[in-house]
Amino acid sequence: MDNIRNFSIIAHIDHGKSTLADRLIQFTGVVEDRNFQDQILDNMDIERERGITIKSQVVSLPYRAKNGRSYTLNLIDTPGHVDFTYEVSRSLASCEGVLLLIDAAQGVQAQTLANLYLAMEHDLAIIPVINKIDLPSADVERVLEQIDSELGLDTDTHLKCSAKAGIGIEEILEAIVERIPPPKGDPAAPLAALIFDAKYDSFRGTVIHCRIFDGTVKAGDIIRLVYNNATHRVEEVGHFLLQRQKLDSLSAGDVGYIIAGVKTVSDVRTGDTITLENRPCPKPLPGFKEVKPVVFASIYPIASDDYTDLADSLDKFKLNDASFVYEKDSSAALGQGFRCGFLGLLHLDIVQERLEREYDLSIILSVPSVRYRFTLKDGTILFVDNPAHYPDPMSIIKSEEPYIRAAMMLPERYLGAVMKLCMDKRGVNSTLNYPSPGRAELIYEVPLAEVIFDFYDRFKSVTQGYGSFDYDLIDYRESSLALLDILVNGEKVDALSQIVHRERARSRGLQACERLKEEIPRQMFKIAIQGVIGGEIISRTTISAFRKDVIAKCYGGDISRKRKLLEKQKKGKKRMKMIGNVSIPQSAFLAVLKSDTE
Amino acid sequence: MNGCRPGHPTRRSQETDDLPGLYIHIPFCLRKCAYCGFYSITDHSLIPAFLSALRREMDHYQGWAASFDTLYIGGGTPSVLHEGDLEALIADIRIAFTITADAEITVEVNPADITDSLLASLRRSGVNRLSIGIQSFDDGSLALLGRRHTALQAISAVRRVRDAGFENIGLDLIYGLPCSCGHDAASCPQEQHDVATYPSWLSTLDKAIGMNPDHISCYQLTLEEGTPLAQKCSRGEVILPEESVLADFFCNTSKFLEENGYGHYEVSNFAHPGRESRHNRKYWNHIPYLGLGPAAHSFSGRERRWNRSSVEAYISDLESGREPVESRETLSDEQLGLEALFLGFRTRRGICLETFRSRYGQDLLAEKRETVERLTREGLVEIRDGFLRPTRAGMAVADSLALI
């Protein structure tokens, strides 16, 4: 156990996390140079393109230190978005230390701080690493000052590197060995392993990623998942050298995987504890929380023939994403589809993009909603996450919506703008603290419905990227609600309906009409868009018809050029949903929620 | 080039009495117009080599079709060739191909090039239709377009053409020009420009019908990337009219010309009854045509192909015995169907529902009933005598109609 180090790299976006991981992997020779690819841990296209990590990854780096001893350094790469905060916290719970990476030119940023707090919560050893020191704009002195004043860390502990140029990599590896404590635990004690992720393998079923805190596990053992008491026979254990590498056993301190015939990733829960059936640990590892979806939306195929394909794809997709839930749904305007639950809007965005990309589907998502609670006259309590199921207003005696506690960390100078934003979003009961000079911690209670939509983007924008934001669901609170329907040329488009706060209904109605006007391309005839509440038209806008579109001439018999142009348009049109005679683009359904502050 | 001759017409056209058409592209101009994106060069030293290459190409495609009932010599500016060269070229065309006795033979001419001797030479060659690139009768607009003739020259050119005995003449005009007030976007609001360009166009139209041509083409100016005019626009030095104004131009032009006896038979084309361009109609009606010369397009009923556009490449290909083809494509039924729709909706005649059904297996009325009904109510299409026809307003949105 003395020869194991479990660590993670935490950083603000673009401070070079993936590049440093690449260098550590190369330096320790896990992958031959000729097989190397940048951002090697981000193996989904979508991760490489967006420069974000969605799934966590583990790689065990074999390292012979200067002291002559050989070590296994387990690098646990974590996702980096508020939608996935819980996954991050479980990954960090599996580590003893972190590299806190800071860009030498940009200095300490919002996520630097937010991540530092997360690491401190887990009592981890922290090694500040200043990256990109070879940039002409690098200002190491300034960063050192920030490490001292803003992070409150000892500047003597810092390291300097350029991950891109491969400078300072060995020093980092030495520091991991020397300064991150080896894991503790008793290999002879009853098994206690923390699940921090799970992936689906089409040949082997679910591959559980875990950190062993106590005990030992090997093929043939019968394990029990504490959360659902399910038992499974272990088929294989091992660790990760980019690919899985089978081992005889995993024991206290190890980070690795267990394959045990678990059919889907939904059968395991991140944060759950694995123990042995015949010799259970006395109590589960702390911190388990069942992650529940908070945002709901329906997915429909653009072409109704694709329904079966969509169903198959969702089945497959679900195998690998435990936090994604769905059930059958149907819409008068959009036909057969599925109602789905997501962790947040980024999660929704990613699911949509992966379905389109990996399963080649063209889909429409309805306007996302949170889950509301209604008490009806007959005493029934009804949870509604789909505006189509909004109860008869006459039967409602109480309507409630979920509230969250939003914790925001930001430089003091943005306080005014953020407070205004929070009030805009119906935030209440604020508290303000100054954890360090110049830096404010602001806490508000805000309706979740206000937060899931464009709060995060607007928060990032008013704090110029320096603010960090995290939230917890707290409770349901009474609220005056109404159902806002949208009519397109007189026809109700149920997928555009939303449940809104009554006081905001009129402005939301106007906003929805305006957004739709921007998103729906002009067509051959006039399109009327109306916002309706309880039969009353509260907003209206018109998209005028275009009257001339035939321009490119077919001169000299060149028909091909024109045809290719139309083929392209036709393809674009296939990605729109025909409702009545109106083609509505995919983007319109999400756009209705966006406000026009930018 | 031996035996293999790909791309011969494989199918007779929908109007079985229509023979294929022959197009010859002359890629030379005295100078480039400010708006023109078509391929042409101003270096005339290549003319002799081009003409001999063209003859090789003609030889290669001998037998492509039994006969042609239209010949169209376009450009570029065919009238920049010496009249002797043009006369010899037409004679050689007649040697290589069978041009029927009643064929429509058109040559594009620039008003600045028209001389009595050129006209006499064209008459001798059997040319029976001239397409005259007038563009505008407003000197300000002509200057903006970079044309090398004036309004006065244009008027006198048309008179000479008539005097020379040409009974079938067409005038080409351009509308939707930037306002020629000379003010930029900053100093002159859009509406003012829009209002200002309208009288100039009306006056051009008025002058045009005053000359009683048989055919009038009214093309909407399109900005072609990289042309001097497009650059001026992107710098904000000149301002193009808005879409709604262009739609008004389109509809008012159509009304005006129809009131004066010109049928609006295609988006950009108007003619006295019986004077519709037989050659251009082949493009819209999926009738095969053979195009020779750089950048020329050919269609054989299933295959489209087009030539290298560089004159040098065209010449060197032919000199070394290669077909000067840049690219070719074989159309699927679906592609042919889409073409039939967008080409059909460009013409007032519209789409023959029965022909469309038998050829592309789609019953438009049954499958698109709701949309067609809606479009009928909106006044964009009508169904008459088995044809789905665009109305005047419908022709203006022909591209969208094609995507119903």
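This is a predicted model: local features need pLDDT of at least 70, side-chain atom pairs count only at pLDDT 80 or more; totals for chains, interfaces and linings use all residues.

Biologist: Let us begin with chain A. How many helices and strands does chain A have?

Modeller: Helices (H or I, at least four residues) and strands (E, at least two) are DSSP runs, numbered from the N terminus. Chain A has 14 helices and 33 strands, and chain B has 16 helices and 15 strands.

Biologist: What does the radius of gyration say about chain B?

Modeller: The radius of gyration is taken over C-alpha atoms, and the globule rule is 2.2 Å times the number of residues to the power 0.38. For the 404 residues of chain B the rule gives 22 Å and the model has 22 Å, so chain B is as compact as a globular protein of that length. For the 598 residues of chain A, a compact globule would be near 25 Å, and its 26 Å agrees. Along the principal axes, the C-alpha trace of chain A spans about 80 × 60 × 60 Å, and the C-alpha atoms of chain B fill a box of roughly 60 × 55 × 40 Å.

Biologist: How much of chain A counts as buried?

Modeller: A residue is buried if 20 or more other C-beta atoms lie within 10 Å of its own, exposed if 12 or fewer, and partly exposed in between, with C-beta atoms placed from the backbone. By that count, 45% of the residues of chain A are buried, and 46% of those of chain B.

Biologist: Now the domains. Into which domains is chain B divided?

Modeller: Domain bounds come from an automatic or database domain assignment. Chain B is divided into domain 1 (21-284) and domain 2 (337-404), with 29 Å between their centres, taken over C-alpha atoms. Two residues are in contact if their C-beta atoms, placed from the backbone, lie within 7 Å. Here 9 residues of domain 1 of chain B are in contact with 9 residues of domain 2 of chain B. On the domain 1 side, helix 8 of chain B gives the largest share, 4 residues.

Biologist: Next, a sheet. In what order do the strands of the open sheet of 4 strands in chain A lie?

Modeller: Two strands pair if DSSP finds at least two bridges between them. The order in this sheet of chain A is 18-19-17-20, with antiparallel pairing. Strand 18 (325-331) and strand 20 (363-365) of chain A each have a single partner strand, so one side of each is left without a neighbour in the sheet. Strand 18 of chain A is joined to strand 19 (residues 335-342) by 7 bridges; one of the bridge pairs is A:Ser331 with A:Gly335.

Biologist: Which helix lies across strand 17 of chain A?

Modeller: Axes are lines fitted to C-alpha atoms, for helices over the stretch in contact, and angles run from 0 to 180 degrees between N-to-C directions. Helix 7 (residues 307-319) of chain A lies across strands 17, 18, 19 and 20, running at about 135° to strand 17 of chain A. Helix 8 (residues 345-359) of chain A also packs on the sheet, and its direction makes about 165° with that of strand 20 of chain A.

Biologist: Is strand 1 of chain B buried or exposed?

Modeller: In a regular strand the side chains alternate between the two faces of the sheet. In strand 1 (residues 21-26) of chain B, 6 of the 6 residues are buried, so this strand is largely enclosed by the rest of the structure. B:Gly21, B:Tyr23 and B:His25 are on one side, and B:Leu22, B:Ile24 and B:Ile26 are on the other. Strand 1 of chain B runs parallel to strand 9 (residues 289-292), with 4 bridges, and pairs in the parallel sense with strand 2 (residues 68-75) over 6 bridges. B:Tyr23 stands opposite B:Tyr72 in strand 2 of chain B.

Biologist: Last, how many residues does each chain give to the contact?

Modeller: Chain B gives 40 residues and chain A gives 24. Helix 8 (residues 243-259) of chain B brings the largest share of the chain B side, 5 residues.

Terms used:
Residues are numbered from 1 along each chain as its sequence is written. Chains are lettered from A and ligands numbered from 1 in the order in which they are written.
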